[in-house]
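Visitor: I have a model open and want to learn how to read it. Where do we begin?

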Amino acid sequence: MGLLDEQDRFLTDMSRLIGRAHDLGFVVTGGELYRTIEQQRIHMREGRSRTLNSQHMKRLAIDLNFFVRDGDRLDLCYDKEVLQALGDYWESLDPANAWGGNWSSFKDTPHFERREGVTARPRPVAGTVLAPAAG
């Protein structure tokens, strides 16, 4: 699968994730999707990233802002426990999807990415229905 197909699958799943977030009562705004190598170096220098091989540079990662309503106020939420259901949902959509909140050494709860080369579940062609797997 080429990069264009990976990006298409990533954004298709992202639309599902944002829909789920709205269903759960979150207000969602976009953070960062694309980064240049220069921006990535800045993120590393500031301790906001630990790699120069970020999926952001391929447009296969996004940082989202999730807000929780508190009366008339909206509070930005980075709390792993509050966002866990969204992270689990994201990862359930495709084996290639990973949530930064589940990383072992560096928690990055706003971060959602797609990893290339991971065997993906087949996607239905418009107008068709996939049969469930046997077993």
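Guide: Begin with contacts: two residues are in contact when heavy atoms lie within 4.5 Å. This is a predicted model; local features need pLDDT of at least 70, side-chain atom pairs count only at pLDDT 80 or more, and totals for chains, interfaces and linings use all residues. Residues are numbered from 1 along each chain as its sequence is written, and side-chain values use heavy atoms, with hydrogens and water left out.

Visitor: Which residues does Thr-109 touch, not counting those up to four places away in sequence?

Guide: Thr-109 touches Tyr-78, Lys-80, Leu-83, Trp-99, Gly-100 and Gly-101. Thr-109 sits in the loop between strand S4 (97–99) and strand S5 (111–114). Helices (H or I, at least four residues) and strands (E, at least two) are DSSP runs, numbered from the N terminus.

Visitor: What does the side chain of Thr-109 reach?

Guide: Polar contacts are the tool here. One is a pair of N or O atoms within 3.5 Å; within protein, one must be able to donate a hydrogen and the other to accept it, and residues adjacent in sequence count only if both atoms are side-chain atoms. The side chain of Thr-109 reaches the backbone oxygen of Tyr-78 at 2.9 Å.

Visitor: And where is Tyr-78?

Guide: Tyr-78 is in the loop between strand S3 (73–77) and H3. Its relative accessibility is 47%, so Tyr-78 counts as partly exposed. Beyond four places in sequence, Tyr-78 contacts Leu-83, Thr-109 and Pro-110.

Visitor: Let us step back. How many helices and strands does the protein have?

Guide: Three helices and five strands. From the N terminus, the order is α-β-α-β-β-α-β-β. Of the 135 residues, 36% count as buried. The protein exposes about 8100 Å², of which carbon and sulfur atoms supply 53%. Those areas come from the Shrake-Rupley method with a 1.4 Å probe; for residues, only the protein chains shown count as cover.

Visitor: What share of contacts joins residues at least 24 apart?

Guide: Among contacts between residues at least 6 apart in sequence, 58% do. Take Glu-116 and Leu-3: they are 113 residues apart in sequence, yet 8.1 Å apart in space, C-alpha to C-alpha.

Visitor: Which residues does Tyr-89 contact beyond four places in sequence?

Guide: Arg-16, Leu-17 and Arg-20. Tyr-89 is in helix H3 (residues 80–93). The C-alpha atoms of Tyr-89 and Leu-17 are separated by 7.3 Å, although 72 residues apart along the chain. Tyr-89 counts as buried because its relative accessibility is 15%.

Visitor: What about backbone angles? What is the phi of Arg-59?

Guide: Arg-59 has a positive phi of about 60°, although it is not a glycine. Arg-59 is in the loop between helix H2 (37–45) and strand S2 (61–70).

Visitor: Now the pockets. How is a pocket found?

Guide: Points are joined across faces, edges and corners; a volume is the space filled by probe spheres set on them. The largest pocket holds about 200 Å³. It has 15 lining residues, and the closest to its centre are Ser-49, Arg-50, Thr-51, Trp-103 and Glu-113.

Visitor: How does that lining divide by class?

Guide: Ala, Val, Leu, Ile, Met, Phe, Trp, Tyr, Cys and Pro count as nonpolar, Asp, Glu, Lys and Arg as charged, and the others, Gly among them, as polar. The largest pocket's lining has two nonpolar, eight polar and five charged residues.

Visitor: And the second largest pocket?

Guide: Its volume is about 170 Å³. The lining of the second largest pocket has three nonpolar, three polar and five charged residues.

Notes: 1 Å grid on protein atoms, 1.4 Å probe; cavity = no way out; pocket = protein on both sides within 12 Å on 5 of 7 lines; lining within 4 Å. Buried < 20%, exposed > 50% of the residue type's maximum accessible area, 1.4 Å probe, protein only.
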